[in-house]
Amino acid sequence: MFNLFSRRRFITVVTAVSLLPVLGAASMADDKIKVAGIHASPVENAWNSRIHEALQSAADDGLIEYVWSEGVSGTDYARAMREYAEQGVDLIWGESYAVENEARQVAQDYPDVAFLMGSSGGPSGDNFGVFGTRNHEAAYLAGMLAGSISETNTFGSVGGYPIPEVNLLINAFRDGVSEVNPNAEFLNAFIGTWFDPPKAKEAAIAQIDAGADIIFGERIGTADGAKERGVLAVGSLIDYTERYPDTVFANAIWNYRPTVEAIVADIKADKPVGKDYTEFSFMKYGGNDIIFVSEKLPPNAIATMEAKRQAIKDGSFEVPINPDEPS
């Protein structure tokens, strides 16, 4: 294990190993589920931070015990999964987008361990569950607000890779814009990485220079470009308003805790977890929502958006899911 993780991550894993007998005894007494998180990116990355925060909060509340590793490369990912499985954890959380075949093979080799993977594929067997990111409903609402305040009618977006989970988010934002602004035009860029703030900033600036005055930031760094050029931005996954008070006016928030609670309940009930847990990211479960700065927005735009928000929550309106790559 020494060659898998940096010093910070190594400390995390060694702690998990050295305390395993004690944690195992506590788990039996307190009915806690032992969870190991394997993050391919730093946990500061927006997407990973939401999951990490949810798992930490579940641990703080006594629902689970949580150990984790970050920055695990694709070449080491399956090995990390196996090492945690050998340590006797109940659930391995991970992201198998780049290692689908290897991750699924590990799950087959450890049928008594539950796996929950961010994945573009479906579940497998009784122990390989999957989830997708679904803050698309909040992105749609943010698009409605953006569409009502743009002066140029040109909207940009910066994503990581054109995978379905990213595409549907950008498309939902565009659909929200178009609902209130039929004259909207769109620009888009993918930066080919999950975590490169300077590159995301450069992509945003290029779109602003091409006429966009509102940028949807699927990647961290997008708001930096908007701030530098003096235009507005929409944040995704986390709340950026405190960091960019003059730039970010709305955020499409993702809440992962409902997903954690759903799979933990299944494990405790000894139910198969080989299913798709994506639905728990939907707004009706509290899995996503919008945070916005009302002072930056006209009251009529807020009222229109709030009506649609209620329609999403009560099921009378369903935000379209379009996984196709945005042009």
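**View 1. Strand β6 of the predicted model, covered on both faces.** T154, G156 and V158 on one side of β6, and F155, S157 and G159 on the other, are all buried. In a regular strand the side chains alternate between the two faces of the sheet. Strand β6 spans residues 154-159, and six of its six residues are buried, so that the strand is described as mostly covered.

**View 2. Pairing of strand β6 with strand β7.** The two strands run parallel and are joined by two bridges. Strand β7 comprises residues 185-186. F155 of β6, one of the buried residues shown in View 1, has F186 of β7 as its bridge partner.

**View 3. The open sheet of five strands.** The strand order is β2-β1-β3-β4-β5, with parallel pairing. Strands β2 (64-69) and β5 (128-131) form the edges, each pairing on one side only. From one strand to the next, the twist averages 20°.

**View 4. Packing of helix α6 against helix α11.** Helix α6 (residues 136-149) and helix α11 (residues 299-314) pack at an angle of about 160°, and their axes are 9 Å apart. Because angles over 145 degrees count as roughly antiparallel, α6 is roughly antiparallel to α11. The crossing of α6 past α11 is right-handed.

**View 5. Residues in the contact of α6 with α11.** Helix α6 contributes E137, Y140, L141, M144, L145 and S148. From α11, the contact is made by A301, I302, T304, M305, K308, R309 and I312. By class, the residues of this contact divide into eight nonpolar, two polar and three charged.

Key
Residues are numbered from 1 along each chain as its sequence is written. This is a predicted model: local features need pLDDT of at least 70, side-chain atom pairs count only at pLDDT 80 or more; totals for chains, interfaces and linings use all residues. Side-chain values use heavy atoms; hydrogens and water are left out. Axes are lines fitted to C-alpha atoms, for helices over the stretch in contact, and angles run from 0 to 180 degrees between N-to-C directions. Helices (H or I, at least four residues) and strands (E, at least two) are DSSP runs, numbered from the N terminus. Angles under 35 degrees count as roughly parallel, over 145 as roughly antiparallel, 65 to 115 as roughly perpendicular and the rest as oblique. A crossing is left-handed if the near helix is turned anticlockwise from the far one by less than a right angle, and right-handed if clockwise. Contact means heavy atoms within 4.5 Å. Ala, Val, Leu, Ile, Met, Phe, Trp, Tyr, Cys and Pro count as nonpolar, Asp, Glu, Lys and Arg as charged, and the others, Gly among them, as polar. Buried means under 20% relative accessible area, exposed over 50%, partly exposed in between (1.4 Å probe, protein chains only). Two strands pair if DSSP finds at least two bridges between them.
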